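Work through the exercises below with the sequence and the 3D view open. Try each task before you read its solution.

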Number of protein chains: 2
Amino acid sequence: MREVPFIKGHGTQNAFVLLLDPDGALELDPGTVAALCDRHTGFATDGLIRVVRSAALPDGKELAEAAEWFMDYRNADGSTAQMCGNGTRVFAAYLERARLARIGADSVAIGTRAGVKHVRREGDLLVTDLGPWVLVGGSEAAAAGNDATVEIGAVPLTAPGTPLPGLSVDLGNPHTVVALPDADQLAAADLRTLPVVTPLPVEGTNVEVVVPLHDATAQVGHLAMRVHERGVGETRSCGTGVVAAAVAARVWGDAAAPDVWTVDVPGGRLHVTLPAGDRLRGESAELAGPAALGVGGVLTALP
Amino acid sequence: MREVPFIKGHGTQNAFVLLLDPDGALELDPGTVAALCDRHTGFATDGLIRVVRSAALPDGKELAEAAEWFMDYRNADGSTAQMCGNGTRVFAAYLERARLARIGADSVAIGTRAGVKHVRREGDLLVTDLGPWVLVGGSEAAAAGNDATVEIGAVPLTAPGTPLPGLSVDLGNPHTVVALPDADQLAAADLRTLPVVTPLPVEGTNVEVVVPLHDATAQVGHLAMRVHERGVGETRSCGTGVVAAAVAARVWGDAAAPDVWTVDVPGGRLHVTLPAGDRLRGESAELAGPAALGVGGVLTALP
């Protein structure tokens with residue numbers, strides 16, 4: 001293996017290993033990616049991010065005019081992924097550390113398989129615009145507060161196995177959001193396996209379980225959330241899931257429901273800003289949160 | 001930070017990051033060690049091993065005559081540890097990979113805080129002599145099969161909270177071994193917290209929960225085992241714990257009980273050979289198992 005600069009980083013404990021490959025020379029087959037992300041022989045991460053110049057991609061000339069750097073995101077199992085909300089902040093933090101880009105009040109553009117995303121700095125936090133998003137069931141679902149039902153294991157509600165109302169939100173990837181009445185129920189929920197979602201979308205769904213923590217007059221909404229990511233299991237955080245949770249919670253609220261939300265996940269705290277007005281769809285959804293860079297160096301040996 | 005060669009490795013999923021420091025120039029404070037082992041910013045390992053020449057240690061001249069290389073083992077919390085059974089195999093595998101030692105039928109000597117240990121190769125496995133060991137309660141405990149009682153959470157025995165008989169085995173570190181009747185009980189045991197051991201040794205104890213899988217005429221004993229390591233929680237494997245389990249199971253057996261044991265832990269399979277004869281103490285206990293080397297390179301940035 002050639003010598004490849006690497007760094008490990010995480011955003012609210014979604015962990016990634018980043019490999020610097022400016023000229024797109026690195027061949028990464030799924031087996032190599034899985035070994036690099038492996039718990040025991042690799043970096044024990046949720047994914048791998050190849051940092052490559054857009055111009056070095058096979059059809060990247062046009063993209064390069066909008067975004068100099070491309071986030072080639074791979075899941076821990078070696079498959080490719082469209083996007084990763086928490087990953088964009090770690091990607092941007094690395095560009096800054098490696099002096100490949102500056103991030104200030106003006107945003108840096110990042111190419112992804114889901115289009116160009118913009119990341120800017122706000123104090124200690126990095127802010128990514130993850131939009132667009134849409135309430136899958138539209139106005140009917142908004143009126144009913146429900147376009148799916150969800151059964152979650154081990155939640156000690158009065159009637160075990162009672163299906164709970166869920167709202168479906170699409171952010172390029174599918175989400176189903178369910179509200180529970182209190183933190184005890186949230187803590188008890190068994191999210192190791194996918195809850196039973198009816199109807200289940202053909203492509204599957206992430207499931208976000210939330211508990212509202214704010215009072216009715218709050219200017220900023222506040223949710224506690226846990227998440228089951230499809231094909232992965234319960235994770236410490238999910239950026240698009242946090243946005244979906246805020247979208248659903250605003251629909252469930254009254255006319256004065258806030259547009260700005262703080263969402264606590266097991267891995268830390270994130271913040272969502274939705275455009276005022278239309279609650280059924282939006283072109284923008286800003287996710288703010290931390291990004292931490294960890295061990296780094298030059299990789300010379302693969303597992 | 002100076003450039004430090006590193007490699008990640010594991011033995012039955014006890015994972016380590018090894019740092020090559022032949023001249024003993026590396027200062028590793030507990031905070032740095034903890035950051036390097038950290039789940040999110042570091043290598044996500046159970047410990048760190050500094051690979052240093054014995055001659056480079058402050059008082060290492062004498063040791064260097066017995067063992068050229070010293071395994072400076074640190075726990076994931078940054079504290080130092082005497083020894084790590086699974087770590088010795090990964091240490092030896094690294095010495096071989098880095099062409100710092102040859103390992104064949106003749107063993108390589110490794111300096112540790114618990115004295116010089118010898119590792120040799122047998123086919124795909126590496127074999128470490130972890131002895132000496134002693135049955136803490138001596139012949140009285142052996143006759144009774146019991147010198148402590150243990151209460152384990154969530155084990156579905158007929159009477160919940162029933163104390164189970166335990167045997168105390170010392171391998172330089174303390175162990176309490178408990179037998180359960182079947183695999184279902186083993187799977188159900190809650191080892192996230194330390195079971196209640198009475199009397200509890202002042203220095204605490206590791207607790208090994210085992211189920212015998214062999215029939216009475218077997219030449220090789222066979223155990224399934226899970227372990228709670230003191231100060232850590234449940235782990236995927238524990239080398240000295242596996243030896244303690246074999247020592248206890250032989251005591252519990254009849255006069256024809258085997259001296260050779262296969263022990264299945266969540267992280268894989270290990271093999272123990274005890275000296276024939278005295279079941280109360282021994283100077284030798286051979287632990288055989290795999291060692292896998294993973295990602296490696298040169299470290300230039302700390303978390």
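**Exercise 1: Polar contacts and charges**

Task: Count the residue pairs in polar contact between chain B and chain A, both at pLDDT 80 or more.

Solution. Step 1: apply the rule. A polar contact is a pair of N or O atoms within 3.5 Å; within protein, one must be able to donate a hydrogen and the other to accept it, and residues adjacent in sequence count only if both atoms are side-chain atoms. Step 2: count. There are 15 such residue pairs between chain B and chain A. Step 3: look for salt bridges (a side-chain nitrogen of Lys or Arg within 4 Å of a carboxyl oxygen of Asp or Glu). Across this interface the rule finds 0.

Before going on, note the ground rules. This is a predicted model: local features need pLDDT of at least 70, side-chain atom pairs count only at pLDDT 80 or more, and totals for chains, interfaces and linings use all residues. Residues are numbered from 1 along each chain as its sequence is written, chains are lettered from A and ligands numbered from 1 in the order in which they are written, and side-chain values use heavy atoms, with hydrogens and water left out.

**Exercise 2: The area**

Task: State how much area is buried between chain B and chain A.

Solution. Step 1: define it. Buried area is the accessible area (1.4 Å probe) that two parts lose on being put together, summed over both. Step 2: read the value. It is about 1,900 Å², and carbon and sulfur atoms give 57% of that. Step 3: find the main contributors. In chain B, Arg39(B), His40(B) and Val295(B) lose the most area to chain A, together 30% of what that side buries.

**Exercise 3: Strand to strand**

Task: Which way do S20 of chain A and S20(B) run, parallel or antiparallel?

Solution. Step 1: recall the terms. Strands (E, at least two residues) are DSSP runs, numbered from the N terminus. Two strands pair if DSSP finds at least two bridges between them. Step 2: count. 5 bridges join strand S20 (residues 292-301) of chain A to S20(B), and the strands run antiparallel. Step 3: pick one bridge. Leu299(A) has Gly297(B) as its partner.

**Exercise 4: Symmetry**

Solution. Step 1: superpose by least squares on the C-alpha atoms of residues with pLDDT of at least 70 in both copies. Step 2: read the result. The turn is 180°, the shift along the axis is 0.0 Å and the RMSD is 0.0 Å. Step 3: name it. That is the relation of a two-fold axis.

Note on methods: Helix = DSSP H or I, 4+ residues; strand = E, 2+ residues; numbered from the N terminus.
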